[in-house]
Amino acid sequence: MATNKNSNRVYIILMFLGMVPWASYTYYHSMYGESEMAWFCLINLIFLLYCAITAVRYGLKSYHKKLLTYILGLGIIYTSYYFDVRGIVYLYPFIIVMYYTNTTNKALLISLIFAIASLYAVSFQQVIRVVIGLSISISITIIISYLYSKNLKRNELKLIKEANKDYLTGINNRRSITFWIKHQFKNLEPTTQLVFYYIDIDNFKRVNDTYGHTVGDLLLKEISQKLITFIDEVKKNKNVLDGTVSRVAGDEFIVVLKVSNNNFHITETANELLKKINLSMYIERVKFKLDACIGVSTTNDLKLTPLQAISDADQAMFKAKKTGKNRIEFFNEKLSNELVVKNEIIIALDRAIEIKSFFLNFMPIYNSNEMIGVEILIRNDDEILKKHGPDKYIPIAEEAGLISRIDFIVIEKAFNEIKKILPIIKNKKFFFAINISALELNSESFIGKILKLITKYNIPPEIIEFEITETSLITREENATRTLEQLKNEGFKLSLDDFGTGYTAFNQLQNYPINTLKIDRSFINNINETTISNKNKNSMVEVILSLANLYDLNVVAEGVETEFQLDYLKSLGCHFFQGYLLSKPIDIDEFKSKLFL
């Protein structure tokens, strides 16, 4: 079936074309004294002209189509009567146009009515044999047009279904659930609201990696069936007016319920949903017990758009995943404010990247006697970025896909400053620690870009130490390990930041090409005169130092703020130290002055 827009265009074209024969007939009959037919043709011409002008000026209305069908049909009957076979030939395109511009059944009805009337008109001028022959050809035209239209309709419905259903699971996709929510929004009343449960299956990638995508697909189908069953069960609750489920991404689903504001237990339902997902499943004789994070949002605010409503639940789910596994999180005012701040930071980051307004500070690293290196820190004077600091905006930059551009702005600025400082430190064992995002470890272009910058600024790789966080190694992806090994082979040093806060098994350290461990400041903060006698409090520091000694790794203690901490760490054999006791972050000029001391 053609779209409404194309159908409307056809109708308007037909109106203007239809005026030509009616004008001709009006002139012909008025010239030869057939005044009744002349008036009949003139009235039809006026009607057609009126329809054409109003359709162009105000848009095509339903009465235009009805009037046009009537006028064209009468015209064909008229020509069939006066011109017999020469007139009825116009019936064939008329039938085709009817199927193009109307529903199949309606077109069939109109075609039959005007075909019978036109054949009857021809019968006044022709013998029955000719009329029967015309009847057969017209019937074939109607039948073929009908079957073709039905087939088009069937294919259209099939395409609509494919466009609105998830190809794997057969449930709604994001497009169809958006339409469903739009429809529900229009019908929301003060006593009803929509409840969104945004579901993300925890560690589903591990299922695909371990058992293959075929098993993963079967598991997604099973999850979909669980959610359909859940919808059917909750609909039995009289407070649930409607509901649907959709797969909106790879392992992400959303359940939406239209409920009465009174006596519907949103939290209870979320817990039941999570229990449903947690139930064991058997796929290919393998038992699976899945965990999931669910974000919940509710609304009867008609100012929200469907996409905003889904986004609220999505953000709540994301918050749940950051907090832990198999959790439920609710979208609330606090989270809404966090999103506002996050968007402000993203806008500020975009602006800062565009004008390259990031600059560097340097955090000195000391051994027992002197400064032997610095950690290069990112800073920005933008009001928003300065307010929140790198600890806040760097993770947001990673989420927003901006971190790689920031990393290379910092790295190039750092290399440019190091090049100027090289003559001062050429006879010293000095290093520069630069933080890089874990996302760079999976970037195929990262190594190439770094080597180009090293060549451009003529920096010896051995004085550069790239810092990565321990949590970036949790997944142990092959690409990440390969990138670390390539950096090590090129002569760069590597350090593991915030060590002790992640989940790296100590015996896995030998699998990574790491030179240095940096003890997280949270462990250093626990070192004081009160806790020193409690071995459990400081056992992690001792364990890390013992492991470093075992694997021949350097150790940097972060966040040293008291003489007592410094002395205690020295007594345990810690190699290097950084913290406010020794120095705060300093700018380039102060850093250079310290190098001359």
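Start by selecting E399 and K342: these two form a salt bridge, with the closest N and O atoms 2.6 Å apart. (A salt bridge here is a side-chain nitrogen of Lys or Arg within 4 Å of a carboxyl oxygen of Asp or Glu.) E399 sits in helix 15 (residues 390–399) and K342 in helix 13 (residues 333–355), so the pair ties together parts 57 residues apart in sequence. Helices (H or I, at least four residues) and strands (E, at least two) are DSSP runs, numbered from the N terminus. Color by accessibility and K342 is buried at 18% relative accessible area, while E399 is partly exposed at 35%. Buried means under 20% relative accessible area, exposed over 50%, and partly exposed in between, with a 1.4 Å probe and protein chains only.

A quick note before moving on: this is a predicted model, where local features need pLDDT of at least 70 and side-chain atom pairs count only at pLDDT 80 or more, while totals for chains, interfaces and linings use all residues. Residues are numbered from 1 along each chain as its sequence is written, and side-chain values use heavy atoms, with hydrogens and water left out.

Next, select K518 and E375. Their salt bridge has its closest N and O atoms 3.1 Å apart. The pair links distant parts of the chain, with K518 in strand 13 (residues 516–519) and E375 in strand 9 (residues 371–379), 143 residues apart. Are these two buried or exposed? K518 is buried, with a relative accessible area of 1%, and E375 is buried too, at 7%. Across the whole structure, a search finds 17 salt bridges.

Jump to helix 7 (residues 128–164), where I132 lies. Show I128, I132, I136, I140 and I144 as a surface: they form a nonpolar patch with about 510 Å² of accessible area together. Patches are made of residues with over 30% relative accessible area and no salt bridge; like charges are joined within 9 Å, and nonpolar side chains (Val, Leu, Ile, Met, Phe, Trp, Tyr) within 5 Å. Areas come from the Shrake-Rupley method with a 1.4 Å probe, and for residues only the protein chains shown count as cover. I132 itself is partly exposed, at 46% relative accessibility.

Stay on helix 7 for E156 and K153, which lie 3 residues apart, about one turn of the helix. They form a salt bridge with the closest N and O atoms 4.0 Å apart. E156 is partly exposed at 25%, and so is K153 at 34%.

Now for some backbone. Most residues other than glycine have a negative phi. Select N203, which has a positive phi of about 55 degrees, in the loop between strand 1 (192–201) and helix 9 (204–211). Then try E284, with a positive phi of about 50 degrees, in the loop between strand 4 (281–283) and strand 5 (286–288). N203 is partly exposed at 37%, whereas E284 is exposed at 58%.

Finally, zoom out. The chain comes to 22 helices and 15 strands. Its radius of gyration, taken over C-alpha atoms, is 38 Å, well over the 25 Å that the globule rule gives for 597 residues, so the chain is more spread out than a compact globule. (That rule is 2.2 Å times the number of residues to the power 0.38.) The C-alpha atoms fill a box of roughly 125 × 60 × 45 Å along the principal axes.
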